[in-house]
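Please look over the sequence and the model shown here before reading on. The report that follows is meant to be read beside them.

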Amino acid sequence: MESAGNHGGIQQLLAAEHEAQQIVNAARTAKMARLKQAKEEAETEVSEHKTSTEHGFQRKLEETSGDSGANVKRLEQETDAKIEQLKNEASRISKDVVEMLLKHVTTVKN
């Protein structure tokens, strides 16, 4: 009789082991599915961030490129105005400078 009882106990252990193995396999499968899903979500998030950053960079590049032409034109205008101002100043004081130079050149010191 004990052999039948042992046999029944062994069958229960085998059934429990089989059930545990199924639970472990189901958990493993669920874990792998979740990891795959997490990876896909991360790739999507990275892709969206990359696209967003790239659009921001392109927009900034366009803004600064547009300003570059305006800045060059503004600097050219400022430079031309400064050159004109210096020419006017030189014309205004050139007579005095020539007189001063002539005075120093023609004056003899003992």
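Predicted model: local features only at pLDDT ≥ 70, side-chain atom pairs only at ≥ 80, totals over all residues.

Residues are numbered from 1 along each chain as its sequence is written, and side-chain values use heavy atoms, with hydrogens and water left out.

**Overall form**

The protein contains 1 helix and 0 strands; helices (H or I, at least four residues) and strands (E, at least two) are DSSP runs, numbered from the N terminus. Its radius of gyration is 45 Å, well over the 13 Å that the globule rule gives for 110 residues, so the protein is more spread out than a compact globule. That radius is taken over C-alpha atoms, and the globule rule is 2.2 Å times the number of residues to the power 0.38. The C-alpha trace spans about 145 × 40 × 10 Å along its principal axes. Helix 1 covers residues 2-106.

One pair of residues gives a sense of distance along the chain. Ala27 and Glu48 are 21 residues apart in sequence, and their C-alpha atoms are 31 Å apart in space. Glu48 lies in helix 1 and counts as exposed, at 53% relative accessibility.

**Exposure**

How much of the protein is made up of buried residues? Buried residues make up 0% of the 110 residues, where buried means under 20% relative accessible area, exposed means over 50%, and partly exposed is in between (1.4 Å probe, protein chains only). The protein exposes about 10400 Å², of which carbon and sulfur atoms supply 58%. Accessible areas come from the Shrake-Rupley method with a 1.4 Å probe, and for residues only the protein chains shown count as cover.

**Charges and salt bridges**

There are 16 positive and 19 negative side chains, and the centres of the two sets lie 11 Å apart. Lys and Arg count as positive and Asp and Glu as negative, while His and the chain ends are not counted. The place of a charge is taken as NZ of Lys, CZ of Arg, CG of Asp or CD of Glu.

A salt bridge is a side-chain nitrogen of Lys or Arg within 4 Å of a carboxyl oxygen of Asp or Glu.

| Positive residue | Negative residue | N to O distance |
| Arg34 | Glu41 | 4.0 Å |
| Arg74 | Glu78 | 2.9 Å |
| Arg92 | Glu89 | 2.5 Å |

Arg74 and Glu78 are 4 residues apart in helix 1, so about one helical turn separates them. Arg92 and Glu89 are 3 residues apart in helix 1 and are likewise separated by about one helical turn.

Arg34 is partly exposed at 45%, and Glu41 is partly exposed at 40%. Arg74 has a relative accessible area of 38% and is partly exposed; Glu78, at 42%, is also partly exposed. Arg92 counts as exposed at 57%, whereas Glu89 is partly exposed at 37%.

**A nonpolar patch**

Which residues make the nonpolar surface patch of about 320 Å²? Ile93, Val97, Met100 and Leu101 make it. Patches are made of residues with over 30% relative accessible area and no salt bridge; like charges are joined within 9 Å, and nonpolar side chains (Val, Leu, Ile, Met, Phe, Trp, Tyr) within 5 Å. Ile93 is found in helix 1 and counts as partly exposed, at 32% relative accessibility.
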